[in-house]
Each structure stands twice: as structure tokens, then as C-alpha cells.
Amino acid sequence: MGVTMGLNLLLLLAMVATNILSLYHLSTTIQSPQSPSSQPFPIPEHLIRQLQTIRAAISHHMHNQPSTDTTTTDDSNSKPTIPSDLLLYAQLSPIASSCHNHPDLLHKYMTYTPFSLCPQDSDLGETLILHGCHPLPRRRCFSRTPSKPPNSLPVNPFPSSFPDSAVIWSSPKFSCKSFSCLAQSNPNLGFDITHEISRFTSYKTELDLPIPQLVQIAKSANSVLRLGIDIGGGTGTFAARMKEHNVTVLTTTMNFNAPYNEAVALRGLLPLHVPLQQRLPMFDGVMDLVRCGRAVNRWIPLTMMEFLLFDVDRVLRGGGYLWLDHFFGKAVDLEKVYAPLIGKLGYKKVKWATASKPDSKNGEVYLTVLLQKPVSR
Ligand SMILES: *[C@@H]1O[C@H](CO)[C@@H](O)[C@H](O)[C@H]1NC(C)=O
């Protein structure tokens, strides 16, 4: 019994170690082209101590877990006291290895008073996530909510205005402190509903795929659309439009200098605060449709782009659709890099349209493609 337990523990440790190693290897290969000369950040002494405390707490917790008893299936004498499937949910998850690359930010983030209000630091969490530190370490403090929540929330996903009182505007990264300011500052941000209301409805150039046409394409292929993800979906206008077609679309969105997540939620839609580099929190083969908007573009390192596309493939069901909407890149890359990358998926090309990007100085082009995943491989 003791030997089996020891072996299990050893295996577990080996598994964790290899995972961390491969993650670390991955993050360094991805980051190395941008900063070839960067040395590992010199970690201050107190931060090392803090990380050691976190590790010690996790390992202490693991040793006190009765889970090792329940995993010894060959030992008939040991009666598991707690069902092992329940214990699985109680495992402590490690923080992402990239968190260690930003000890200063991590230290700030983890400096709080337990069991009281969290610091006003939502932008700090956002910065850590964008640097690959996701999942963030969990904290035991109460997140802040607006002091005067609106007493009536809009049901219509295209409301004439959003209630400012539903958002904490204190983030120093928010240049606007109201929704009307956001709507006026730039209609392309997605907060100007008078602008949003016409999106996805009309066909102006061949790069457009109006939703009625998308729905028709799926219908004539006998492919039902019920569930979708809009990757980098801003304020959720695609999900809002699809709702009218009884399709449930989740929107992954970051709070990049504005309350995008709150806006999506205020429209009665589901925001997922998930960066592009993270594995989608869905099981394999359960989605009918994935749309990638302008957040997915040529600025994403190619390795990450490949992981992203293959993760999209993972969550799509056979016969599901991938829509790259106005992807932009250099014309030469589109031909030499992106078309072969997309080709690796082996999807059927339902739509493939390119056109030059009007505002581009360096020969960029737009690409809109609708691809259908093969029903079986
Ligand atoms: C959506 O569902 C409702 C209720 O079942 C139905 O009345 C409506 O026609 C559906 N809309 C579309 C576009 O299918």
C-alpha cells in the first residue's frame, strides 16, 4: 500500500514536472524571436520566498489529500472514504508557468488582505493574462462590484444605451469613464450601438458574409447551427445577431482599455475572459461554429496561430464551420504562410475571398474564409 502510494505520488510529480517543462519550453520558443537577448528576469529574494511559500502550501495540501488512497485500485483492503471523482475537483491547479516571468506583477497581484475587499487592480490581472499568466493565481478576497447597480437591465441585445452604473470605471487604463464617451470616441470599438446594429446584415464587398447567408449555407448543407464561439468578439455584436437566429454564441473578449466583458454581459450575452493563447474551455467536438474576428490577425506569432487553429478544430464538431472574418496580413504571407497553415486543417472551402486592405501602407490584404470541418477523418 505504502509503495503504491509512493509510486502514485512519484508519477504525479513526474507528470506535473514534464507538463511544466514542456510549457516552459513552448513559451520560450514562442517568445524567443521577439526578445532573443532577454535574460531571465532576476527574481528578487522576497519573491522567491513567496513562490516557495505557494509551492510549500500546495505540496502540503497534496500530502494531506486522501486521494492517493482512492487511486490504488489493486488494493482491496483500502476502502475509499470519498468518491475519487469528487476528489478530482478538489485538486489545486498550478498557476501558468509564464506567471513566473513577471514576478513584479505577480507580487503586486498577490499582495492583498485575505477575506476583505480585493484591491482595485483589474488592469493588473488583465496585464498578467495578456502576458500568458493565465489562469491567474486564485485569491481569497471579495471582488469589487459597482456601488449602485442598475435596477433594470436591458433585455434587448441592441439597447439604445448601456447603464454606466453597471461598471467600475476606476481602472487607470480606461481613457473613457462612460459608455457614451466610448461610443463617441471611436465607432469601431463596438460601443456605438447605432453602428453595431447594421453589422453582419449586409453584403458590401465580397469579404462580407451576412448572417442570413451564413445561416442559409448551413441550412442547405443540412448542418444545424446551435452553438458557437466568437473569438475576440469585442462587445458581442456577432453573438447578439446570432441570438435572433436562436444560436447561442459565447464571446471571448478581453478588457483592453475598456469594459468589453461588462458590455457583453449587459447585452444578456456570455463573455469569456479568455486570451487567445489559452486553450478554449470547451470539450472536443461540441461547437457548431467558430468565428475569428479582427483580434486574430498577422500580429499573432505563427506558432500560436497554429495552436489556436488546432484548438478551434478540437472544439468543432464534424461538419462544423470555421469563419475567419477579415483576417489581415501581407499579401505574400497570405499565399506562402497562412493559406498553407489553413490548408493543414483539411477543411472544405465554402468561401474564400481576398481584397486589399484600403488603409494599409505595406501591402496588406484582407482574407475572409468560411471552412467546413470534415464530418469524419
Ligand atoms: C427562435 O425560436 C423561437 C421560439 O422557439 C421561434 O418562435 C422563432 O421563430 C425562432 N427564430 C428563428 C429565426 O428560427
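Two strands are taken to pair if DSSP finds at least two bridges between them. Helices (H or I, at least four residues) and strands (E, at least two) are DSSP runs, numbered from the N terminus. The structure is a predicted model, in which local features need pLDDT of at least 70 and side-chain atom pairs count only at pLDDT 80 or more, whereas totals for chains, interfaces and linings use all residues. Residues are numbered from 1 along each chain as its sequence is written.

The secondary structure of the chain consists of 13 helices and seven strands. Of the 377 residues in the chain, 25% are buried; a residue is buried if 20 or more other C-beta atoms lie within 10 Å of its own, exposed if 12 or fewer, and partly exposed in between, with C-beta atoms placed from the backbone. Contacts are defined by C-beta atoms, likewise placed from the backbone, that lie within 7 Å. Among contacts between residues at least 6 apart in sequence, 66% join residues at least 24 apart.

Strand β1 (residues 227–231) pairs with two strands in the parallel sense: with β4 (residues 287–292) over four bridges, and with β2 (residues 248–252) over five bridges. Residue I229 stands opposite L250 in β2 and has V290 as its bridge partner in β4. Four of the five residues of β1 are buried. Together with helix α10 (residues 237–243), β1 and β2 form a right-handed β-α-β unit; the crossover is right-handed if, with the strands pointing away from the viewer, the path from the first strand over the helix to the second runs clockwise.

Nonpolar cores were identified as sets of buried Ala, Val, Leu, Ile, Met, Phe, Trp, Tyr and Cys residues joined through C-beta atoms within 7 Å. The largest such core has 48 residues, and those with the most contacts inside it are V249, V290, Y321, L322 and L324. Strand β5 (residues 316–330) supplies the largest share of this core, six residues. A second, separate core of eight residues includes A96, Y109, L128 and I129. In soluble globular proteins, nonpolar side chains tend to be buried together. Beyond its neighbours within four places in sequence, L322 is in contact with V290, V312, L316, Y347, L371 and K373.

Residue A339 is found in helix α13 (residues 331–343). This residue is classed as partly exposed because 14 other C-beta atoms lie within 10 Å. The C-alpha atoms of A339 and L367 are separated by 9.8 Å, the two residues being 28 residues apart along the chain.

Technical notes. Contact = placed C-beta atoms within 7 Å.
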